[in-house]
Amino acid sequence: MNILVTGGAGFIGSHVVRRLVTQYPDYTIINLDKLTYAGNLENLKDVDNNSNYHFEKGCITDEKFVSDLFEKYKIDKVVHLAAESHVDRSITDPLIFVKTNLIGTANLLNCARQAWEGNYKDKLFYHISTDEVYGSLEMGTEMFTEETSYDPRSPYSASKAGSDHLVRSFWHTYHMPTLISNCSNNYGPNHFPEKLIPLFINNIVNKKPLPVYGKGENVRDWLHVKDHARAIDIILHKGVPGETYNIGGHNEWTNIELIKLMCDTVDQKLGRNIGESQKLITFVQDRAGHDLRYAIDASKIERELGWIPEYTFEQGLAETVDWYLENKEWLENVTSGEYQEYYQKMYK
Ligand code: NAD
Ligand code: DAU
């Protein structure tokens, strides 16, 4: 089986690529990634010599490049993660989100349609999406289910909602086998340090201010990235075409409580006085249109495919803090312009 993984050099994509390359030596895994600021091949250096792994640098919006890849590798299945993924960036530069997330997804779908020529036996287009397409919940116990109506509220979530709609349209119109999963907030190793957890761990370690948006009362449902990668593996193999699966951790935290936990975890690991790093908390202007609460009802994937998270949050967060403490070089590399330029040139 030849599987095209898009966005495999990013945070979640690299965990998915590693899992597929190592668990399924008979598969050929092709990682297509543009290596934007968020994509780093260092995330995959432990598997990049495997004979069943191939890297292709390119853009998912490039029609010729993508259709040539389908031809070159005789792609059977697509696991599509490539995206612009950071909500704050979508507020300052919405157009790149429309280009990558909407047009890029449309191009991949269309190239798959043309390559497969209506013969969809053993073919699959699987889109990795987000819980943010469902909008925002009030405080309380309500959760997003697969039946919740779409109500995206940031340019990022609107572009992901649009790409979900495109995927479904190919299922209904062309009968192309498709799958969608909508996941909650991921955390873990290799997370680019612009998102809350890696940014704040880095700032706490370096005694820099912790910019909490608004009052820190927003709620997110956190899931370890390896639990997400395992869910993707299960859906890829057992998901029913045309279906959607929600993935979440049943692990809701207000930002402020999570930030205090991160402060205390780092203090404890670095031998600082517990409470010391909480002094770094700085309340700043709220994110525009900041969604109040996300919470995923993940009962369908548990009931139908037998997936539940394996990490407890205490274990996952402690391991994540350890990983960032042990991988300072990775942190410096992924944030350094020179390093980015090196890989850009190497795969020109
Ligand atoms: P990321 O920003 O870490 O990685 C995105 C990857 O896509 C990078 O490697 C980047 O180089 C690549 N990419 C971007 N534009 C490209 C283009 N035009 N052509 C080819 N490659 C391109 O993102 P992530 O956090 O790993 O998220 C991966 C996917 O999962 C996204 O689709 C995102 O919407 C979805 N998702 C993320 C989360 C989360 O918490 N991070 C939760 C649910 C769903
Ligand atoms: O829910 C899934 C989504 O989770 C994914 O689809 C997105 O790709 C991913 O980036 C993430 O989106 P969020 O906006 O929830 O994640 P972020 O880490 O940016 O922010 C988490 C919360 O922390 C959010 O309420 C905003 C807040 N925050 C974030 C940053 C970066 C702060 O208070 N200060 C900050 O500096």
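**Asparagine 2 and the model**

The side chain of asparagine 2 comes to 3.2 Å from the backbone oxygen of lysine 74, a polar contact (a pair of N or O atoms within 3.5 Å; within protein, one must be able to donate a hydrogen and the other to accept it, and residues adjacent in sequence count only if both atoms are side-chain atoms). The model is predicted, so local features need pLDDT of at least 70 and side-chain atom pairs count only at pLDDT 80 or more, while totals for chains, interfaces and linings use all residues. Residues are numbered from 1 along each chain as its sequence is written, chains are lettered from A and ligands numbered from 1 in the order in which they are written, and side-chain values use heavy atoms, with hydrogens and water left out.

- The backbone oxygen of tyrosine 73 is also reached by the side chain of asparagine 2, at 2.8 Å.
- Asparagine 2 belongs to strand E1, residues 2-6; helices (H or I, at least four residues) and strands (E, at least two) are DSSP runs, numbered from the N terminus.
- With a relative accessible area of 19%, asparagine 2 is buried (under 20%; exposed is over 50% and partly exposed in between, with a 1.4 Å probe and protein chains only).

**Ligand 1**

- Ligand 1 is surrounded by 29 residues, of which Ile12, Asp33, Ser85, Tyr156 and Lys160 are the closest; a residue is near a molecule if one of its heavy atoms lies within 4 Å of it.
- A polar side-chain atom of lysine 160 is 2.6 Å from an oxygen atom of ligand 1, and a polar backbone atom of asparagine 186 is 2.9 Å from an oxygen atom of the ligand.
- On its own ligand 1 exposes 840 Å², and the protein buries 96% of that (Shrake-Rupley method with a 1.4 Å probe; for residues, only the protein chains shown count as cover).
- Helix H1 (11-23), strand E5 (124-130), helix H5 (155-174) and strand E7 (185-187) each give at least two residues to the shell, and E5 gives the most, with 3 residues.
- The shell of ligand 1 consists of 13 nonpolar, 12 polar and 4 charged residues, where Ala, Val, Leu, Ile, Met, Phe, Trp, Tyr, Cys and Pro count as nonpolar, Asp, Glu, Lys and Arg as charged, and the others, Gly among them, as polar.

**Ligand 2**

- Around ligand 2 there are 24 residues, and the closest are Thr130, Asp131, Tyr156, Arg287 and His290.
- Oxygen atoms of ligand 2 lie 2.8 Å from a polar side-chain atom of glutamate 132, 2.7 Å from a side-chain N or O atom of asparagine 185 and 2.9 Å from one of asparagine 255.
- Of the 690 Å² of accessible area that ligand 2 has on its own, the protein covers 94%.
- Helix H6 (196-205) and strand E8 (210-213) each supply at least two residues of this shell, which has 10 nonpolar, 8 polar and 6 charged residues.

**Proline 177**

- Proline 177 sits in the loop between H5 and strand E6 (178-183).
- Proline 177 is buried, at a relative accessible area of 9%.
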